[in-house]
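Here are a few exercises to work through with the model open beside you. Try each task before you read its solution.

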Amino acid sequence: MQRILLLDDEDHVLSALKRVLRSSFGAALVVETTVDPEVALARLKQVPFDVVVSDYRMPLITGTEFLGLVRYIQPQAVRMILSATSDFETLMRAVNDVEIFRYVMKPWDEKDFTDHIRQALERAAHLRHQSEMADVGRQQFGSVTAAELEARRLEAMEPGITRVAWGPDGEVLEPPPDKS
């Protein structure tokens, strides 16, 4: 099942986008939405997403800044910006700095938007397949072990699962409490 995360500071925009995606993809696509960038970042640390779509202009963070963090947390996630701005410099910065896949203008055309999402989901599947094939080649040439491949697979399914803090006596330390 494929998963998408939508971030926009306007709840009614998120509702409209979610409605469009549900009517086009049904249960084949899990759609998560939030108006809070911190909630989105926390979610990205918990669950892998195929596609992440962010509004460009938000009060706490720009879409480019947010998608830059997405790129760091989940580099395989396909990133898209949704914005009412048509500023060429903004667009170029988004493409060059965070390698966005698509820049969708508000107001969006439903068919175009679903086509862009479909292409992004196909791109995510293609990237995942390429990564898996590269790992098979690395294992065959001995540059990576089966255990390392399994750790990568688990990390892709559950981000953070392989990053364990160990105590001085070999015990697993609990992560610090979340201050949000």
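Of the 180 residues in the protein chain, 37% count as buried. Keep in mind that this is a predicted model.

**Exercise 1. Get your bearings**

Task: Work out how many helices and strands the protein chain has, and in what order they come.

Solution. Start by counting: the chain has 6 helices and 7 strands. Next, walk from the N terminus, and you get β-α-β-α-β-α-β-α-β-α-α-β-β. For scale, the C-alpha trace spans about 55 × 40 × 35 Å along its principal axes. Finally, look at the contacts: among those between residues at least 6 apart in sequence, 62% join residues at least 24 apart.

**Exercise 2. One side of α3**

Task: List the buried residues of helix α3 and explain why they sit on the same side.

Solution. Helix α3 covers residues 63-73, and its buried residues are Gly-63, Thr-64, Phe-66, Leu-67 and Val-70. They cover an arc of only 160° around the axis, so they end up on the same side of α3. A handy rule here: an α-helix has 3.6 residues a turn, so residues three or four places apart point the same way. As for partners, the buried residues of α3 pack against β1 (2-7), α2 (37-46), β3 (51-55), β4 (78-83) and α4 (88-98).

**Exercise 3. Both faces of α4**

Task: Sort out which residues of α4 are buried and which exposed residues are on the face turned away from them.

Solution. First, the buried set: Thr-90, Ala-94 and Val-98. Looking down the axis of α4, these fall within an arc of 35°, so they line one face of the helix. What covers the buried residues includes α3, β4 and β5 (102-105). One last stop: just after α4, Glu-99 takes a positive phi of about 50°.

**Exercise 4. Out on the surface**

Task: Decide whether Val-172 is buried or exposed, then do the exercise again for Arg-19.

Solution. The cut-off for exposed is over 50% relative accessible area. Val-172 has 54% relative accessibility, so it counts as exposed. Val-172 belongs to strand β7 (residues 172-173), and together with Val-164 and Trp-166 it makes a nonpolar surface patch of about 310 Å².

Arg-19, in helix α1 (residues 11-25), has a relative accessible area of 56%, so it is exposed too. Glu-110 is 91 residues away from Arg-19 along the chain, yet their C-alpha atoms are separated by 10 Å.

Methods: Residues numbered from 1 in each chain as written. Predicted model: local features only at pLDDT ≥ 70, side-chain atom pairs only at ≥ 80, totals over all residues. Heavy atoms only, no water. Patch = residues over 30% accessible without salt bridge, like charges linked within 9 Å, V, L, I, M, F, W, Y side chains within 5 Å. Areas by Shrake-Rupley, 256 points an atom, 1.4 Å probe, with all protein chains shown as cover. Salt bridge = Lys/Arg side-chain N within 4 Å of Asp/Glu carboxyl O. Helix = DSSP H or I, 4+ residues; strand = E, 2+ residues; numbered from the N terminus. Buried < 20%, exposed > 50% of the residue type's maximum accessible area, 1.4 Å probe, protein only. Arc of directions from axis to C-beta. Contact = heavy atoms within 4.5 Å.
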